[in-house]
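Here are a few friendly notes to read alongside the model. They begin with the overall layout and then turn to the ligand.

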Amino acid sequence: MPTPDNLPRVVIVGAGFGGLACAQALGGKPVQVTLVDRRNYHLFVPLLYQVATAALSPADIARPIRRIVGRYKNIEVALGTVTSVDTAARRVRLSNGSELPYDKLVVATGSEYSYFGHPEWAEFAPGPRSLEDARRIRAQLLTSFERAEVSPDAARQDALMTTVIVGGGPTGVEMAGSVAELARHALARDFRNIDPRRAKIILIEAGPRILAGFPEPLSDYAKRALEKLGVTVITNEAVESIDAKGVVVAGRRIDAGTVIWGAGIKASPAAALLGATLDRAGRVPLNPDLSVKGVADVYALGDMASTPDEHGAPLPALAQVAAQQGAYLGRALAKSFADGKPLPPFKFHNRGNTAIVGRNAAVFDFGWMQLKGWFAWVMWALIHVYLLVGFDNRARVTLQWLWAYLTYQRGARLIMRDFDS
Ligand SMILES: Cc1cc2nc3c(=O)[nH]c(=O)nc-3n(C[C@H](O)[C@H](O)[C@H](O)COP(=O)(O)OP(=O)(O)OC[C@H]3O[C@@H](n4cnc5c(N)ncnc54)[C@H](O)[C@@H]3O)c2cc1C
């Protein structure tokens, strides 16, 4: 009978979609698992834009990691940021100085926004990647309307009530639709000196169409649906600079109270700790069994890794890719520890790609079938509630969405900082 001391040790870094799925697949197996994260919660990133636009509260889309894996006696949780990995000595070092030895290391630290060589833009144009970012965007949006309300100058009011969203991928589209609905409905009657329905929402995409990863008819539908909500969609024009007062796009200045980033992403900096040669987006190159090329006993998955599909193109940075990889790797490692055989190759099963534009409007692409409109919107809502971790989170989100659907209201309109800061 193996004791905890002679069980194989697996260290998993990152309790996002990939790392958590891997840990859960190893739960209850004869393996000693340590799950490391710099945060004490698992975050449902796809709904961050709803926190940023006051539709949901942070606790609705986050859940303590200990609560999720607490029932597995063989999993312990360690809080800390991984700062270095000694692949020769097989040890992971954390920010607090502690070291974790491993037999197999799984790294799933995700991604962050890339500002295309302009890191200084990050200060003026946050993107929704963490709860802090989402709260910052929410504060900026709501504060801009408050400032417009007390401004005596009509031009300044217009600028403050302008929101520019950079990047026409799913994040930009979802954000634009949600800001438009916030202004047109939730804020509409609450101000005396401004009319929030006059707010300008501008979505800027450098490529020829928004939702470029979706078939063209769905992109066209999303553009029409956004325009119906009053969003101005600009394509084929790149943002040239961003500062505290707005953006310059194709030589034109647009003054804005809020600028939100939803353009490129790059791998988390932890990818560079593994000693592998990274690709242009900073991602770790993988073998078909998700082991890191050229580094023994280290695996990577999710947004930080580059996994080729059957045509050799990298799989997209999606939660479903990370979660499937994590579940596969957990199962495959447990089996390999038991029978000593090598891991089989990972195979991705596309469950469909989706984006929501607004109330009653979403798109779904299953490859063999496309959906848009009300039905796609209902499916989007059901799937997102189902994918949330935890019954209480699901119940809270369902109730809030029902309430918002009936009343057009948004309960989380809190500015969590002093107005003058
Ligand atoms: C706004 C937005 C909307 C999205 N919408 C969708 C969608 O609708 N559908 C979809 O499929 N995908 C969506 N995605 C993509 C999806 O969120 C990512 O593909 C997914 O989160 C990747 O999972 P992951 O496990 O690789 O990383 P993550 O889920 O980001 O998890 C990484 C974890 O690693 C931790 N970590 C990072 N660095 C360290 C370190 N050095 N030490 C310790 N811990 C660390 C982090 O705290 C985090 O918990 C969206 C992304 C964004 C930004």
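1. A word on the layout to start with: in this predicted model, the C-alpha centres of domain 1 and domain 2 are 32 Å apart. The chain splits into domain 1, which takes in 9–113 + 265–339, and domain 2, which spans 119–263.

2. Next, how the domains meet. On one side, 20 residues of domain 1 make contact with 20 residues of domain 2. About 1,700 Å² of area is buried between domain 1 and domain 2, and carbon and sulfur atoms contribute 66% of that.

3. Where does the ligand lie relative to domain 1 and domain 2? Both domain 1 and domain 2 give residues to the shell around the ligand, so the ligand lies between them.

4. On to the neighbours themselves. There are 29 residues around the ligand, and the ones that come nearest are Gly18, Asp37, Val82, Asp303 and Ala319. Sorted by class, the shell has 13 nonpolar residues, 11 polar ones and five charged ones.

5. With the backbone, a ligand oxygen atom is 3.2 Å from a polar atom of Phe17, and a ligand oxygen atom is 3.3 Å from a polar backbone atom of Ala317.

6. Two elements, α1 (17–26) and α8 (319–339), each give two or more residues to the shell around the ligand. Of the shell, α8 supplies the largest share, with three residues.

How values were computed. Residues are numbered from 1 along each chain as its sequence is written. This is a predicted model: local features need pLDDT of at least 70, side-chain atom pairs count only at pLDDT 80 or more; totals for chains, interfaces and linings use all residues. Side-chain values use heavy atoms; hydrogens and water are left out. A residue is near a molecule or strand if one of its heavy atoms lies within 4 Å of it. A polar contact is a pair of N or O atoms within 3.5 Å; within protein, one must be able to donate a hydrogen and the other to accept it, and residues adjacent in sequence count only if both atoms are side-chain atoms. Helices (H or I, at least four residues) and strands (E, at least two) are DSSP runs, numbered from the N terminus. Ala, Val, Leu, Ile, Met, Phe, Trp, Tyr, Cys and Pro count as nonpolar, Asp, Glu, Lys and Arg as charged, and the others, Gly among them, as polar. Domain bounds come from an automatic or database domain assignment. Contact means heavy atoms within 4.5 Å. Buried area is the accessible area (1.4 Å probe) that two parts lose on being put together, summed over both.
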